[in-house]
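Please keep the sequence and the 3D view at hand while reading.

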Amino acid sequence: MEGPQNVASIRFPSSTLPAIGIDLGGTKTEVAAVDSTGRVCFRERCATPAEEGPEAIRQAIVVLFVAARASLGSEAQGPLLVGMGTPGSIDLDSGLLRNSNTLCLNGLRLEEWISTAIGRAVVVENDANCFALAEATLGAGRGSRVVFGVILGTGCGAGLVVDGQLHVGPNRLAGEWGHLSIDPAGPLCWCGQRGCLETLVSGGGLAARWLEQTGERVSAKSILSNEGEENRRFTDRWIGHLCRGLKGVVQTIDPDAIVLGGGLSNHPGLAEAIGRGLAGTLFGAKDCRTPVLVNRLGDSAGVLGAVLRARRDRGPEG
Ligand SMILES: [Zn+2]
């Protein structure tokens, strides 16, 4: 996989305004600045102090934001576009963050919470949507009309990009793929349902299932990378669940490309295994023509997507 080291060579289309992206993750927070020529001139990350609560998280963002703004020099004196990706979404009725797995942030008026701290208006977007937008525009899905970007990290999210624009839908739920149940008798999910994909294919879900079965507390990556009969069985089942979930996506929207991201997407041969698995199950089809691709932007897709989201919000010239 090509990783974040390639970020320096990424060129955004030039813009009239510089932009700063913030990727507020459950474990890491990353901030990037893109100047008006489209050059990424700053990118840094820190651990998200989720255990210390919202104020500590906000302070950590401010520290990175100030450094990002300084990297823009005199450009930052004028108007500045700011986008922030976060797990969950803003509730349309209340304006409050909901469904974030960084639980201490749920219920906050997130746009206001961050914009008052940094003194700039901020566009907030779901983190998986940011990932999908970045990969569809600058990464593995570039050139494909309809891109479904899947994140397999601690949780499991997705985003849908059509003709370079995010499709979010009237409920802002497009891509909330991780909370479709594929087993009504399956494990209880934090969302209240049973057998959500998130409980079966995400890093957190895999680790929980392994703990139930073996009594061992280990990371999803070690479950998938270690040799051993039980590990192989788990890995095969994991790929099977992913295929079942993606079959639903292909048979509903039939995207031109599926891009895999998040820590577990580095699993060797995963994209090929999903392609083979889908080939055997699609309705009336002998093979699967959908390219299943590993991301090109690595961990930085989220933060670059936040920049793109801020620029899109302003209109095509942004
Ligand atoms: Zn769920």
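## The sheet built around β8

Strand β8 (residues 146-152) and strand β11 (residues 257-261) pair in the parallel sense, with five bridges between them. Along this pairing, I151 stands opposite G261 in β11. The model described here is a predicted one, and this pair of strands belongs to an open sheet of five strands, arranged in the order β10-β9-β8-β11-β12 with mixed pairing. At the edges of that sheet are β10 (165-167) and β12 (292-294), each of which pairs on one side only, and the twist from one strand to the next averages 30°.

Two helices can be followed against these strands. Helix α3 packs on the sheet and touches β8, β9 (156-162), β10 and β11, its direction making about 45° with that of β9. Helix α8, for its part, lies across β11 and β12 and runs at about 170° to β12.

Strand β2 (residues 28-34), by contrast, pairs with β3 in the antiparallel sense over seven bridges, and here the partner of T29 is C46 in β3. The hairpin of β2 and β3 has five residues between the strands, and in this hairpin G38 takes a positive phi near 95°.

## Helices α1 and α2

The axes of helix α1 (residues 54-71) and helix α2 (residues 110-118) come within 10 Å of each other and cross at roughly 45°, and the two helices are therefore oblique to each other. The crossing in which α1 passes α2 is right-handed.

Which residues in α1 meet α2? On the α1 side they are R58, I61, V62 and F65, and these meet W113, I114, A117 and I118 in α2. By class, the residues of this contact divide into seven nonpolar, no polar and one charged.

## Helices α7 and α8

Helix α7 (residues 229-253) packs with helix α8 (residues 270-279) at an angle of about 65°, their axes being 9 Å apart. Here, too, the crossing is right-handed, as α7 passes α8. From α7 the contact draws on I239, G240, L242, C243, L246, K247 and V250, while α8 supplies A273, I274, G277 and L278. This contact of α7 with α8 has eight nonpolar, two polar and one charged residues.

## The protein as a whole

Taken together, the protein contains nine helices and twelve strands. Its radius of gyration is 19 Å, close to the 20 Å that the globule rule gives for 318 residues, so the protein is as compact as a globular protein of that length. Along its principal axes, the C-alpha trace spans about 60 × 40 × 40 Å.

Conventions. Residues numbered from 1 in each chain as written. Predicted model: local features only at pLDDT ≥ 70, side-chain atom pairs only at ≥ 80, totals over all residues. Axes fitted to C-alpha atoms, helices over the stretch in contact; angles between N-to-C directions. Helix = DSSP H or I, 4+ residues; strand = E, 2+ residues; numbered from the N terminus. Parallel < 35°, antiparallel > 145°, perpendicular 65-115°, else oblique. Left-handed = near helix turned anticlockwise from the far one by under 90°. Contact = placed C-beta atoms within 7 Å. Nonpolar A, V, L, I, M, F, W, Y, C, P; charged D, E, K, R; others polar. Rg over C-alpha atoms; globule rule 2.2 N^0.38 Å. Pairing = 2+ DSSP bridges.
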